[in-house]
Amino acid sequence: MGSMRHLSLHVPRGLRMPWHVRPGHAPASTCCTVALAGNPNTGKSTVFNALTGLGQHTGNWPGKTVVVAEGIYTHCGMTYRVVDLPGTYSLLATSPEEELARDFICFGAADATVVVTDATCLERNLNLVLQVMEITPRVVVCLNLMDEVSRKRISVDVDGLSSELGVPVVPTVARTGHGLRALMDTIANVASGRLATRPLRVTYSPEVEALVADIEPRLSAVMAEVAPTISPRWVALRLIDGDPGLVEAISERVNRQWPQDTRPRSAARSVAARSGIPA
Amino acid sequence: MNRMAARQFLDLVEAAREAGSKIPGDIRDLMVTRIYEVAGAICQKTVRRATEPTRDWDTRLDDILTSRLLGYPIMLALLGVVFWITLVGANVPSRFLGAALFWGQDRLLDLFSWAGAPSWLTGVVVMGAYRALAWVVSVMLPPMAIFFPCFALLEDLGYLPRVAFNLDAFFKRAGTHGKQALTMCMGFGCNAAGVVSCRVIDSPRERLIAILTNNFVPCNGRFPMLIAMAAMFFGAGLQSAAALSLLGAVLLGVAVTLGVSWVLSRSLLRGIASFFVLELPPYRKPQVIRVIVRSFLDRALFVLVRAATVAVPAGALTWILGNSMVRGASLLAHVAGFLEPFGRLIGLDGHVLTAFLLGLPANEIVIPILVMEYSGAGAMVDLGGLDALRGLLVSKGWTPLTAVCLILFSLLHYPCATTLWTIWRETRSAKWTAVAALLPLAVACVACFLAASAGRFLGAG
């Protein structure tokens, strides 16, 4: 009976924008939200399909995923809700896709964010990885297209990359399904917190760092209340570079009185942990 | 608590912005540069390339596929081959399906007369709803089941972005965004999807142009009609001729897209083309079986089901209109009679225009409605496949010139109701939605009129 109800709540929600779908409908202990980010043409949609088996058609096509797709899969008894974000090169919110991807990573209350990368041109793809890592520590790097890496006679030091970045790196060939089990295991470990990440922190010029050191502690209290999953350091950086969209998005959340029962459960919990407010 | 937090936060925002603006240089650029540096340093340590990046086969292939000299011929040839495969392949199954479904119609008629059903019920259900459905299935399913997988394979291979690359120069010259080539390609699937995909264009002016002109490439719903027309009137046993005429129709659609974009960007929506970078994604080995199955299930069957759900009520409605007598003639005949003079002027007739009017919800049902109009109320016509349809149309005075005008009108006329609704949702403007409907209609009427006049002058009609 209980499992029936649980299933009916998790029908993929097609065309709805991800933040209209409140996570936490189901008991938080059985459902995790996984955001799938990545540059265009890294096989992100193929990874999505391979994970969820939703089997929507994927195209080799820039800007294809304007509409966000959602799917679910189960792994070791846990249900994972996967949100396929639009392919973007950065999170600077200069286009609707970038804004959507950034907002979901910030406010979607994802338990883990997978950044799918094209291993054949890692340098460009790492920009997005580093930007995502600035927002959230719960990052898994999916090193996709490993078959083309060997075809192009490139070698990638996966362990070295992982220790440089401080987050797990999983090599995959999503087209053949190679490495997906390891990816699911790693997602499970990062989402549950069993695998603690120590994401590389990009340090900026001394002037910027001095400002961040000043602003970040003062932000922490507010951020813990409205968006506990976002790194205050990243918000401080965005405040310094004067990102109006983000300020607006956060202000809106500050102003809105969230009724307790609709707040994402994981968010409510970590707020409770940090501020001592009973959830 | 929240009020205080909000206050605190906004003060902090202001302070941070002010402090940030005091740092010399564009601070965002500096941050991005720093991220690039770090990414570069990490790659230096972890990535080894065996040799200098060799010019491997895909770079060489790109040189050919997007070359100035060979790019366009290859593009046209590929499209032509896809059409040819579709026409050749669809012929036999279409005839077979037609025969089977109209055998079913006879059995249904037997059933109804055995049950003693009143003639109006037989008319609405069998002659109306069932016949429209049978036409949709037999005329549309085989070409769709071949065309969509072919197109999806090209897409999966990574060829479509090359098409966009090839066409970019044209769109730039028309004063629009190069990404319009992508939204146009999307329109081949479905104009409503094409209109939504125009979101990838950031400039409002260029996005509006892309939305307004998306309709000029034939979508799923209109392709089967074009294919049927080409096969019936230009094939004459030679499928390559039909494929060429279909190719010509598509090229004309692209040309009109460019022409109308050019006019719009120099009149209503003045401005210069903005710059963009199109990354050519690597070629990928397509997952052939999956692509074929998916494109058949997701596109062909999806379109078919949608067409069928519209065709059944439309078929019934058409039969009712065709059999409701008012002052000695059916309602349908009144409408068709009213539109007849204008229809003749542009090389069509009143019935065709009526079919297009009734087909506003979905272009897929124009042909079935036309068939019903021509044959529904009158004598039973043995309909099985394209040969029978051709016979019916010729008996109603159709010539190849009529077929040309129908292709032109179908290619260029107003988008379907779904697309119009999507345009309204995307633009939130009744004015631009009206333009999106009336502008193509005007273009279609002018094009048909010119073609009909030229044809008559040359003595073809």
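A residue counts as partly exposed when its relative accessible area falls between the limits for buried, under 20%, and exposed, over 50%. In this predicted model, Val125(B) has a relative accessible area of 32%, so Val125(B) is partly exposed. Val125(B) belongs to helix α5 of chain B, which covers residues 119-157. Beyond its neighbours within four places in sequence, Val125(B) is in contact with Phe112(B) and Tyr130(B). Leu109(B) is 16 residues away from Val125(B) in sequence. The C-alpha atoms of Val125(B) and Leu109(B) are 9.7 Å apart.

Aromatic pairs were examined next. Over all chains, the structure holds five of them. One of these joins Phe83(B) and Phe223(B). Their ring centres are 5.6 Å apart and their planes stand at 40°, so the pair is tilted. Phe83(B) lies in helix α4 (residues 71-114) of chain B. Phe223(B) lies in helix α10 (residues 223-233) of chain B. The pair therefore ties together parts that are 140 residues apart in sequence. Both Phe83(B) and Phe223(B) are buried.

A further aromatic pair is formed by Phe356(B) and Phe409(B). This pair is edge-to-face, with 4.9 Å from centre to centre and 65° between the planes. Phe356(B) sits in helix α14 (residues 350-358) of chain B, and Phe409(B) in helix α17 (residues 400-412) of chain B. The pair thus links distant parts of the chain, 53 residues apart. Phe356(B) has 1% relative accessibility and so counts as buried. Phe409(B) is also buried, at a relative accessible area of 3%. A charged residue meets a ring elsewhere in chain B: Arg390(B) lies over the face of Phe233(B), at 5.3 Å from the ring centre.

Chain A contains an open sheet of six strands. Their order is β2-β3-β1-β4-β5-β7, and the pairing is mixed. Strands β2 (69-75) and β7 (169-171) of chain A are the edge strands, each pairing on one side only. On average, neighbouring strands of the sheet are turned by 25° against each other, direction ignored. Strand β5 (residues 139-144) of chain A pairs with β7(A) in the parallel sense, over three bridges. Within this pairing, Leu143(A) stands opposite Pro171(A) in β7(A).

Helices of chain A also meet the sheet. Helix α3 (residues 96-107) of chain A packs on the sheet and touches β1 (31-38), β3 (78-84) and β4 (112-118) of chain A. The direction of α3 makes about 150° with that of β1(A). Helix α6 (residues 158-165) of chain A lies across β5 and β7 of chain A. Helix α6 runs at about 155° to β7(A).

Terms used: Residues numbered from 1 in each chain as written. Chains lettered and ligands numbered in written order. Predicted model: local features only at pLDDT ≥ 70, side-chain atom pairs only at ≥ 80, totals over all residues. Heavy atoms only, no water. Phe/Tyr/Trp six-rings, centres within 6.5 Å; stacked < 30°, edge-to-face > 60°. Helix = DSSP H or I, 4+ residues; strand = E, 2+ residues; numbered from the N terminus. Buried < 20%, exposed > 50% of the residue type's maximum accessible area, 1.4 Å probe, protein only. Lys NZ or Arg CZ within 6 Å of the ring centre and 35° of its normal. Contact = heavy atoms within 4.5 Å. Pairing = 2+ DSSP bridges. Axes fitted to C-alpha atoms, helices over the stretch in contact; angles between N-to-C directions.
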